[in-house]
Amino acid sequence: MAAAASPLSLFSSPRQSSLTLRALASIPNHAHSRLLFRPKTPLVTPKPSPISLLFSNNPNPPITSSPSFQKLIPDRLRGSFFSSAIDSLFVLLASVTLSFSIFISDVGTANAFVVTTPRKLQSDELATVRLFQENTPSVVYITNLAVRQDAFTLDVLEVPQGSGSGFVWDKDGHVVTNYHVIRGASDLRVTLADQSVCEAKVVGFDQDKDVAVLRIDAPKDKLRPIPIGISADLLVGQKVYAIGNPFGLDHTLTTGVISGLRREISSAATGRPIQDVIQTDAAINPGNSGGPLLDSSGSLIGINTAIYSPSGASSGVGFSIPVDTVGGIVDQLVRFGKVTRPILGIKFAPDQSVEQLGVSGVLVLDAPPNGPAGKAGLQPTKRDTYGRLILGDIITSVNGKKVTNGSDLYRILDQCKVGDTVTVEVLRGDHKEKFAVVLEPKPDES
């Protein structure tokens, strides 16, 4: 029986040792192969590089340790030279990979810290925003309610028939707006800036100047009066701001400039002219009526009243009643509930009719005997017994100021007071006469 071969006898011949090396290469634990194989020249183990240390704990060993790769390595190349070359290759690949990853991470980090700079407002924009925020609490929304009877159920209902804007005048709850905003209302409701709704009562109104004053019962902490400015020193070209509730929306702001001063418009209720009106190109849309027109300091300089638009659209020239005119009217309405404006006590013909007659002045159609003009002796237009028209007196001047139409007459009377005596010059037939007329207050209006 042949004796069992020792492990070292496996290396009796080069062929056998080569086969044995290939067999041992498949053993996962390479420490055993180093213990069994002791070549004459000891293998030089290179120092592990930092990159190789990265893979030392890798459960999947590098490709150099795989059996298939080991079979391709010739016996003469095994050693320190081949080991160093492989490590150098891995160092190069790892360096390239690490550099690329650092480059990518730096780009990502840079992008992460790029913050978009918010849009910065200019000084004039900041001033406009501040003006709107500070004055919005003073602007209110007014709803005009009318009583309507349902055609089928015969129930009486209150339905909105219009709306507009207004502003708080004082801490007593007085609200100023246009007369045409509240005209024909059976009930009025005022919506404050905090969306609270209050019932409003009419204190008084001036149809000739299209101004009305309401009063609401609201806590004083909710009432913020608007700053009152002056309109006597306004200049064409200065900036103005209009705040209102157009189309029933929340507070809106439109800007523009003063494009004209000392304009004249007619009252929508009486046709009486309103003098010294401010003309602006700031958009005044339906619902802006009664809202404030402010200067750049946020002070009230007028009430937005009308817009002249030949096309009928909400674009054109806007008009505002100057605050100097409004202030005197509001004071009288708050104190007396009415405006004591002087009148002559006449009714006169339209300007077009007088122009057709070829004369210049105001033709008196009616002069009641108990009125100021009737008491002074002015004669109205009448017909004789045959039905022929007999023209009345034609007023040509008042206090020496020429009168060519009705607007001139109103403009002169606005500068007078109740109780003043004025000299009225008239054309009667083919001669002129003068009369002293004592002006009386305008009758109460309901």
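Two strands pair if DSSP finds at least two bridges between them. Strands (E, at least two residues) and helices (H or I, at least four) are DSSP runs, numbered from the N terminus. This is a predicted model: local features need pLDDT of at least 70, side-chain atom pairs count only at pLDDT 80 or more, and totals for chains, interfaces and linings use all residues. Residues are numbered from 1 along each chain as its sequence is written, and side-chain values use heavy atoms, leaving out hydrogens and water.

**Stop 1: strand S9.** Select residues 273-280. Seven of the eight are buried (under 20% relative accessible area; exposed is over 50%, partly exposed in between; 1.4 Å probe, protein chains only). Serine 266 faces proline 273 of S9. Six residues separate the two strands of this hairpin, and glycine 271 in the turn has a positive phi of about 80 degrees. Next, show S12, residues 317-322, which is antiparallel to S9 and joined to it by three bridges. Isoleucine 278 has serine 320 as its bridge partner there.

**Stop 2: the largest core.** A nonpolar core is a set of buried Ala, Val, Leu, Ile, Met, Phe, Trp, Tyr and Cys residues joined through side-chain atoms within 4.5 Å. The largest has 24 residues; Phe167, Val176, Val211, Leu300, Val326 and Val330 touch the most other members. S6, S7, S9, S11, S12 and helix H8 (323-336) each supply at least two residues of this core. H8 gives the largest share, five residues. Centre on valine 326: beyond four places in sequence, it touches Val176, Val211, Ile303 and Ile321 (contact: heavy atoms within 4.5 Å).

**Stop 3: asparagine 135.** Go to helix H6, residues 123-135. Asparagine 135 is buried, at 5% relative accessible area. Its contacts beyond four places in sequence are Ile226, Pro227, Ile243, Leu294 and Gly298.

**Stop 4: salt bridges.** The rule is a side-chain nitrogen of Lys or Arg within 4 Å of a carboxyl oxygen of Asp or Glu. The count is 16. Select arginine 272 and aspartate 208: their closest N and O atoms are 3.3 Å apart. The two lie 64 residues apart, arginine 272 in the S8-S9 loop and aspartate 208 in the S5-S6 loop. Both are buried.

Finish at helix H11, residues 406-413, where arginine 411 and aspartate 408 sit three residues apart, about one turn. Their side chains meet at 2.8 Å, N to O. Arginine 411 is partly exposed at 30%, whereas aspartate 408 is buried at 15%.
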